[in-house]
Amino acid sequence: IKTIGVLTSGGDAPGMNAAIRAVVRTALNKGLKVKGIQKGYNGLINDEVIDMDKKSVSDIIQRGGTILYTARCLEFMTADGQKKAAEVCKKHGIDGIVVIGGDGSFRGAQKLAENGVNTIGLPGTIDLDIACTDYTIGFDTAVNTAMEAIDKIRDTSTSHERCSIIEVMGRNAGYIALWCGIANGAEDILLPERYDNDEQAIINHIIEGRKKGKKHHLIINAEGIGHSTGMARRIEAATGIETRATILGYMQRGGSPTCKDRMYASVMGSYAVDLLVEGKSNRLVAYKNGKFVDFDIDEALAMKKDINEYEFNISALLSK
Ligand code: ATP
């Protein structure tokens, strides 16, 4: 292998820059050439390929977002698009590629591998919704950002003796909601994997809390459930307690990555290059049971993930 490419795809996540930096510097140190592909698979198809040297990744480890930009690309879902992308790789001499993104991006990586380009995936998403790994790049920063924002909302919620519904990101996965629910000491934590639509139970919980002298009632709602504003309106009508909904939104995707995200993303980036140098392809770097490991992409995509039952039970106990 002589030249590798690196791209970010799907939703951005803090720590992607640390991963890009690690890929570039590890590869250069091993005597490889490195190309940066801008805007994910879109940029690959449209030949938006730049040379990367040591300096092109200077001063980025502490920055959120991705210096390579990211995009979703419909054309790459087609066989023609995939062929075009592989041809662009050939033109630039790229014989291996590191794809940083989520499940969708790994399906794309599979296709590139089928078209003769060695591919390694790195899990980059704030949602933590990739089954084969206990860690994804950006999750730690996102939960910390959300946690700090929720602390602030809690202050004002207590002062006004309000009920607050705070909606956090995570797509269809409830990991951000679960972590913030525990870390922020929420009274109710609503996860898409577990929520039974029982709004009356929440209302009863709020009324009970008030009777016990509680000054606030914090509900962490996951994006996958949504409808926080309507929920707030109905709860206020049923309890007579002022209830406000706050949707945290994209602030959770930005910001300077935490130490953990910088550190793990760096290790994963370097690991991905090692795999390419060993001639491996169609693999995904993961962090499982305290170790950095790698999986076959097909096997990884077939795995199912669920909320950890033990942690979920603890969240229920602590919020009572
Ligand atoms: P996130 O979860 O953060 O949104 P993701 O990687 O899952 O990240 P997607 O939008 O699902 O985001 O996928 C990113 C891109 O990967 C798509 O726009 C498309 O170009 C490519 N892709 C997704 N699924 C496939 C597929 N089945 N075959 C080929 N390419 C795919």
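Axes are lines fitted to C-alpha atoms, for helices over the stretch in contact, and angles run from 0 to 180 degrees between N-to-C directions. Helices (H or I, at least four residues) and strands (E, at least two) are DSSP runs, numbered from the N terminus.

The model is predicted: local features need pLDDT of at least 70, side-chain atom pairs count only at pLDDT 80 or more, and totals for chains, interfaces and linings use all residues. Residues are numbered from 1 along each chain as its sequence is written, and side-chain values use heavy atoms, with hydrogens and water left out.

Q: Why is α6 called oblique to α11?
A: Helix α6 (residues 175-183) and helix α11 (residues 309-318) pack at about 40 degrees, with axes 10 Å apart. Under 35 degrees is roughly parallel, over 145 roughly antiparallel, 65 to 115 roughly perpendicular, and the rest oblique. Therefore α6 is oblique to α11.

Q: Which residues of α6 and α11 meet?
A: Leu-178, Trp-179 and Ile-182 in α6 meet Glu-311, Phe-312 and Ser-315 in α11. Contact means heavy atoms within 4.5 Å.

Q: What makes β7 and β8 a pair?
A: Pairing needs at least two bridges found by DSSP between the strands. β7 and β8 (residues 217-222) have 3 bridges, in the parallel sense. In one of them, Ile-189 partners Ile-220 of β8.

Q: Why do β7 and β9 count as edges?
A: The open sheet runs β7-β8-β6-β9, with parallel pairing. β7 (188-190) and β9 (243-247) each have a single partner strand, so one side of each lacks a neighbour in the sheet. The twist averages 15 degrees from one strand to the next.
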